[in-house]
Amino acid sequence: MSLKFSVLASGSTGNAIYVETGRARLLVDAGLSAKQMGLLFERANIGEITGLDGILVTHEHSDHIKGIGVMARKFKLPVYANTNTWRAMEGLIGEIPTEQKFEFGMETVRTFGDLEVESFGVSHDAAEPMFYVFHHEGRKLTLMTDTGYVSDRMKGIIRESDSMIIESNHDINMLMMGRYPWNIKRRILGDHGHISNEDCGHALADVIGDKTKNIYLAHLSKDNNMKDIARLAVGQTLESRGFAVGEDIILHDTDASIPTKLALV
Ligand SMILES: [Zn+2]
Ligand SMILES: [Zn+2]
């Protein structure tokens, strides 16, 4: 079994996730500059950007697409996104040669070598935001951030993953007490915003299965969250729902600029 991944960077300042098998290498989002992306690849020790089979795009917010245009042109990489995301990001990432532009429809499956990738929609204020589940030799990796809530439909798709990268965006008290203007607070808290640490814990409790082991808390707000607070809040929520955190379930941090160790799913 050889499905591996690294969260290269995660948070409101930029997101990029690397996934590989023996026969496929993919990047999901490139939300930092191409230069910073190069440094992340070096730091993570995951080989050259050149050999990637593609960049999958989740949605057109700048913390997910900042480096895509330059990387795609410089390294001649295929880019995959759904129709509405293509339309929304076209003016933002510059010209991409037609032969490098691919459609990845909502709720479809695409195969890259020996890796199957399934897309699913989330609730977020972008054109057609979607995230991905990766399947390889019976192993399952879920990537889901940037959603205002986790619907039953989404839970059905991400259920019983072996590993998960999931949003734990903010501590509600930090957000409410913080300096953000009310309209921004309302956007973050709304159905098309981001999920809180507690929401994340409850969503996890609903989808964790017998195989689920490693959970990576991702897309933490720089201003309204801290790694310790997120881990504690999600851990306490899971424990209150009967899970043995630290034994059956391991919670991992992600960082805005330090890649997580390349790990087996
Ligand atoms: Zn977003
Ligand atoms: Zn984001």
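Strand β5 (residues 79–81) pairs with β6 in the parallel sense, over 3 bridges. Here, strands are DSSP runs of E of at least two residues and helices are runs of H or I of at least four, numbered from the N terminus, and two strands pair if DSSP finds at least two bridges between them. Within this pairing, valine 79 stands opposite lysine 101 in β6.

Before going further, please keep in mind that this is a predicted model, in which local features need pLDDT of at least 70, side-chain atom pairs count only at pLDDT 80 or more, and totals for chains, interfaces and linings use all residues. Residues are numbered from 1 along each chain as its sequence is written, chains are lettered from A and ligands numbered from 1 in the order in which they are written, and side-chain values use heavy atoms, with hydrogens and water left out.

Now step back to the sheet. It is an open sheet of 7 strands in the order β6-β5-β4-β3-β2-β1-β14, and its pairing is mixed. The edge strands, each pairing on one side only, are β6 (101–103) and β14.

Follow the order along to β1. This strand (residues 4–9) is largely enclosed by the rest of the structure, because 5 of its 6 residues are buried; buried means under 20% relative accessible area, exposed means over 50%, and partly exposed is in between (1.4 Å probe, protein chains only). On one side, β1 runs antiparallel to strand β2 (residues 16–20), and 5 bridges join the two. Lysine 4 has glutamate 20 in β2 as its bridge partner. The hairpin of β1 and β2 has 6 residues between the strands, and in it glycine 11 takes a positive phi near 140 degrees. β1 also pairs with β14, again in the antiparallel sense, over 2 bridges. There, alanine 263 in β14 is the bridge partner of phenylalanine 5.

The loop between β13 (250–252) and β14 (263–264) holds aspartate 255. With 17% relative accessibility, aspartate 255 counts as buried. Its side chain makes a polar contact of 2.6 Å with the side chain of lysine 227; such a contact is a pair of N or O atoms within 3.5 Å, where within protein one must be able to donate a hydrogen and the other to accept it, and residues adjacent in sequence count only if both atoms are side-chain atoms. A polar atom of the aspartate 255 side chain also lies 2.9 Å from the backbone nitrogen of serine 257. Leaving aside residues up to four places away in sequence, aspartate 255 touches Ala9, Ser10 and Lys227, where contact means heavy atoms within 4.5 Å.

Salt bridges come next. One is counted when a side-chain nitrogen of Lys or Arg is within 4 Å of a carboxyl oxygen of Asp or Glu, and by this rule the count comes to 11. Lysine 155 and aspartate 206 form one of them, at 2.8 Å from N to O. This pair links distant parts of the chain: lysine 155 is in helix α5 (residues 152–158) and aspartate 206 in helix α8 (residues 197–207), 51 residues apart. Lysine 155 is buried, at a relative accessible area of 12%, whereas aspartate 206 is partly exposed at 30%.

Aspartate 206 has another partner, arginine 241, with the closest N and O atoms 2.5 Å apart. Arginine 241 is partly exposed, with a relative accessible area of 37%.

A further salt bridge joins aspartate 162 and lysine 211, at 3.3 Å from N to O. Aspartate 162 sits in the loop between α5 and β11 (163–167) and lysine 211 in the loop between α8 and β12 (214–218), so the pair ties together parts that are 49 residues apart in sequence. Aspartate 162 counts as buried at 3% relative accessibility, while lysine 211 counts as partly exposed at 40%. Both belong to a network of salt bridges that links Arg139, Asp162 and Lys211.
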